[in-house]
Amino acid sequence: MTDLKHIRKALGISRTEVCKATGVSYNTWKHWDDGDRRTPGYAWTLLYLHHLVKTDRVNLFPYPFNGDQSLSWQSKQSLQRIVATADSRAD
């Protein structure tokens, strides 16, 4: 399972839901989820922003994603905290 898919599922967000909310086609997101295509950095941003809107949160990452489409260390830490929170709520 890709990191994107794991985090999306841990947050309780379906592919259809994230695609409708972000405007990304279902097939494109599916390729990212399944690891058929490299996940661009903006996909993480879209997923995170959708989660913020869904949960009425306003705190954004303290640092933006890198321009080279990889996650910054700070962004990875933030995503890990989101997953831990989502996992704890699922228990």
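In which helix do Asp-34 and Lys-30 both lie, and how many residues apart are they? Asp-34 and Lys-30 both lie in helix H3, four residues apart, which is about one turn of the helix; helices here are DSSP runs (H or I, at least four residues), numbered from the N terminus. This is a predicted model, in which local features need pLDDT of at least 70 and side-chain atom pairs count only at pLDDT 80 or more, while totals for chains, interfaces and linings use all residues. Residues are numbered from 1 along each chain as its sequence is written, and side-chain values use heavy atoms, with hydrogens and water left out.

**Salt bridges overall**
- The count comes to five salt bridges, each defined as a side-chain nitrogen of Lys or Arg within 4 Å of a carboxyl oxygen of Asp or Glu.
- A network of salt bridges links Lys-5, Arg-8, Arg-15, Lys-30, Asp-33 and Asp-34.

**Bridges to Asp-33**
- Arg-8 forms a salt bridge with Asp-33, with the closest N and O atoms 2.7 Å apart.
- This pair links distant parts of the chain, since Arg-8 belongs to helix H1 (residues 3-10) and Asp-33 to helix H3 (residues 26-34), 25 residues apart.
- Arg-15 also meets Asp-33 in a salt bridge (2.8 Å, N to O).
- Here too distant parts of the chain are linked, with Arg-15 in helix H2 (residues 15-22) and Asp-33 in helix H3, 18 residues apart.

- Arg-8 is buried at 5% relative accessible area, as are Asp-33 at 1% and Arg-15 at 12%, where buried means under 20%, exposed over 50% and partly exposed in between (1.4 Å probe, protein chains only).

- The side chains of Asp-34 and Lys-30 meet in a salt bridge (2.9 Å, N to O).
- Asp-34 is partly exposed at 30% relative accessible area, and Lys-30 likewise counts as partly exposed at 32%.

Technical notes. Helix = DSSP H or I, 4+ residues; strand = E, 2+ residues; numbered from the N terminus.
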